[in-house]
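Student: I would like to go through this structure and ask what stands behind the terms used for it.
Tutor: Go ahead.

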Amino acid sequence: MSLVTKLATARRKPGRWHWTDVAAYAYLALGVVLMFGPVAWLAMSSFKTQAGLLEFPPSLLPMSQREVVVAGHAQPLPLFEVTMPDGSTRVLAQVRRIGIQAQMVDPANPAEVIRVPIDKRTLVREFKLATENYTEPLERFAFMRFLWNSVFVTVVATIITLIINSMAAYALSIYEFRGKNTVMLMVIGTLMIPITIILVPVYLVVTELGLVNSLWAVILPGAATPTGVFLLRQYMLTLPRDLIEAARMDKASEWQIYWRIVMPLAMPALAVLAIFSVMWRWNEFLWPLAVLTKTESYTLQIGLNAFQGELQTQWHYLLAMTVVTLLPVALVFVFLQRFITTGIANTGMK
Amino acid sequence: MASAEPAAPRGESSGAARLFAAPLSLLMRMIDWPMSALQRLIGERRMAYAFLLPNIVFFGLFVFLPLIINVVFSVTGGTALFPSQRPYVGGEQYAYLFDCGSFLDPNSCREDHFWRGVSNTARFTVFQVTAMVLFSLVTAVVLNMKIKARGFFRAVYFFPVLLSPVVVALTWKWILQRDGLLNAGITALGGERILFLVDPSWAMFWIVFVSVWAHMGFYTLILLAGLQAIPADLYEAAEMDATPRWRVFWRITLPLLWPNMIVVIVLALIKGVQTFDEVFVLTGGGPGTATLMVVHYIYETAFSNQVQNFGLAAAASVVLGLVLFALTLAQLAASNRKGAA
């Protein structure tokens, strides 16, 4: 049985349909259209030619007119299906159009010009992916630069985030020391301070450090995350203490215990934080927008936003670049969905 | 992307991870040397401070220090960035922000953009939180029913959460534009084309819609977790008594889900008040100032206007910070109640 028929016949108890079952499946079906539809439409549109995008009403699939090179004409000519006066149909190439008359030629016999009323012909269209939407921006714009900047920020920031937050979590879960409660309170306190309310002073700090327009200005401010400290500490508290005591007996230094014993054991929590960090950094917008003003330091998100201002009419590039921006996140989602959803359910963070 | 991270879950044995792990473990061995020396000096228990140090430095530099400087900025004037070059003006910035004939009419205020932002953000937040709670509740309840392919449907509602705001906004901009898919549908049904992002009311509707579309999955997950925590025997008992479904929902589901509902409401409020990204890309605050948000105002005042007025932006962010602080206290109170329940 196919999935569709299975879905259609699924119910709480065989033989008894409650109206809420019908409503639930109707809602879910609508949800699939509404949630997937826009992204699918974006992806399909991104393969249309510039002319194809201007069509109204738009065609569902990327179609473009078929053209043919005819001897004696420098430009390729568009092909039309023409209904002849005797009722037969022929495929002809259009040379030019004058008012309501079109001059056409048979590609096989280019010498003879046939006059056809324009309402007797329809464009021959074929399915064609305009891959140049994807390849041309690579050459024409600083797109590769943005992509590289985003990858750099995401990877470096995630590594720093994992290291410094796991160090703090290690200190807060393994040791008893004076001021521990103060530190915990401070960590809780920073949970409620989003970048939106300290935009100007962080900009000042970054300027003082000489980092404006450098990618480090994007990487450093968000590196210490209270959510990360919490997540890791919560996990490290569950690790067996005996292991650490045994390592101390064996004269392992505290740093070795952290790096060789606690970090490998905390891998599941580190993985969750890594996934979140990648998402945060890849999608970050407001802060990079404020601190990056030179085109060569733009991340993908900022570059895309700048493009949509400049390329108002060049949707074919814009859509393709949007799809490229979306791709890594889509891949992460497909492979790591389970990690992400359980991570959110357990920590309530995003 | 994730497979390039050293801490990827399955990365231990793969080649890419080893490529990353080798220099990393070398680095860690190099750090071990001064750390061991330090440990001999201060003893193993005080090593906690050494482990905390990097985080404290980052928090201090990029959170605590800025919090203080923010207040300094808000009580000084001029256009200089460095506080030492800024003259003290006392509460002037705040007085300027709050100089209003009537707080209900942005036109009567000297800084009308700020109040337009406040009024837009307030309307946006009310609509958005209402719609968000409603739709994520319905979705969570439906996903919690005995349906086929639950994992698939959960993923369908969840995936926009991971999309970047720029991607979300551009996706919808493409659909809502003059010759877009939606207008094609409307004309196919015999209607007139609507300029969705040029009409103020439509623009507000669509930023609420798009923001619910993008973030609903997150709140649905929280509510779904709550629904799954409700003991199944309650439902079984209700079924034995042949209790109508709406009554089961009203008497069992909703009361037991209430703590999660409060968390969702407060979280959505906190996020809603800070709305910026999607709206900025989708409408740019327009048409005119119809969708200008408070954070957009702060960004504009400090960074994108001709004259960068850091003092005024800082004063506005202090006001926003106080609102968020109040909302966070509400959240803490709510989650305490959740713990008690």
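Student: Why does Val281(B) count as buried?
Tutor: Val281(B) has 23 C-beta neighbours inside 10 Å. A residue is buried if 20 or more other C-beta atoms lie within 10 Å of its own, exposed if 12 or fewer, and partly exposed in between, with C-beta atoms placed from the backbone. So 23 meets the cut-off for buried. This is a predicted model: local features need pLDDT of at least 70 and side-chain atom pairs pLDDT 80 or more, while totals for chains, interfaces and linings use all residues. Residues are numbered from 1 along each chain as written, with chains lettered from A and ligands numbered from 1 in order of writing.

Student: Which residues is Val281(B) in contact with, leaving aside its neighbours within four places in sequence?
Tutor: They are Asn305(A), Gln308(A), Pro165(B), Val166(B), Ala169(B) and Leu170(B). Contact requires C-beta atoms, placed from the backbone, within 7 Å.

Student: How many residues does each chain bring to the contact between them?
Tutor: Chain A brings 92 residues and chain B 89.

Student: What is the largest nonpolar core?
Tutor: That core has 170 residues, and Ile275(A) and Ala316(B) have the most contacts inside it. A nonpolar core is a set of buried Ala, Val, Leu, Ile, Met, Phe, Trp, Tyr and Cys residues joined through C-beta atoms within 7 Å.

Student: Why is this core said to lie between domain 1 and domain 3 of chain A?
Tutor: Because domain 1 (3-45) and domain 3 (134-347) both give residues to this core. The bounds come from an automatic or database domain assignment. Another core, of nine residues, lies apart and includes Leu79(A) and Met104(A).

Methods. Two residues are in contact if their C-beta atoms, placed from the backbone, lie within 7 Å.
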